Amino acid sequence: MKPWVNISIATLLPTAGGFLSSYVNKNEIKTWYQDLFKPFWSPPGWLFGPVWTALYTSMGYASYLVWRDGGGFNGPAKLPLMIYGSQLVLNWAWSPIFFGGHKLKLGAIEIALLAVDVGMCTYHFNYVNPTAALLMLPYLGWITFAALLTFNIWKMNEEDDDE
């Protein structure tokens, strides 16, 4: 397969999953989420789309570099790519938990696990391709910020949490 095909698949997979996850919950984002108490440092809604598009593209390209340089799923890239897959699942699961299910506490726990998983993924990517690990750092920073935001939203709206 040509490299551009593999790069396209690697970058489109996380983007498509993220888009689907947010699309399914778009009504909750526009209604329920707007009524929640949020910290003053909560970013404006319009920022999330461009940021997530850039992050999904970056992490997808990072996964391609690891896959390419680590022998695919049979070489040293196997463990890093498994961790990458697990963080993608956790990433895609957060929106249905938080927005769809209105589960603020569970969303805070889930995104904390996601942040740890992204950190492990970044760490393991570094051993296969250091550039891939660097490409993951903005995502790790954003997820850490999102985890803090989710935790604060949960604490500010505990009585409204649909646990």
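I started with M1 and found that it touches N6 and I9 once residues up to four places away in sequence are set aside, a contact being heavy atoms within 4.5 Å. I note for the record that this is a predicted model, in which local features need pLDDT of at least 70 and side-chain atom pairs count only at pLDDT 80 or more, while totals for chains, interfaces and linings use all residues. Residues are numbered from 1 along each chain as its sequence is written, and side-chain values use heavy atoms, with hydrogens and water left out.

M1 sits in the segment before α1 (3-24), where helices are DSSP runs of H or I with at least four residues, numbered from the N terminus. I looked up its accessibility and found M1 exposed, with a relative accessible area of 74%; buried means under 20%, exposed over 50%, and partly exposed in between, with a 1.4 Å probe and protein chains only.

**Helix pair**

Next I looked up how helix α3 (residues 48-69) lies against helix α6 (residues 130-156), and their axes come within 8 Å and cross at roughly 140 degrees. The axes are lines fitted to C-alpha atoms over the stretch in contact, and the angles run from 0 to 180 degrees between N-to-C directions. The two helices are therefore oblique to each other, since under 35 degrees counts as roughly parallel, over 145 as roughly antiparallel, 65 to 115 as roughly perpendicular and the rest as oblique. On the α3 side the contact includes F48, W52 and L55, and on the α6 side it includes L135, Y139 and W142.

**Aromatic rings**

I then turned to the rings of Phe, Tyr and Trp (its six-membered ring), which pair if their centres lie within 6.5 Å, with planes under 30 degrees apart counted as stacked, over 60 as edge-to-face and the rest as tilted. The count comes to 18 aromatic pairs. One of them, F19 with Y23, is stacked, at 5.9 Å centre to centre and 25 degrees between the planes. F19 is exposed at 57% relative accessible area, whereas Y23 is partly exposed at 45%.
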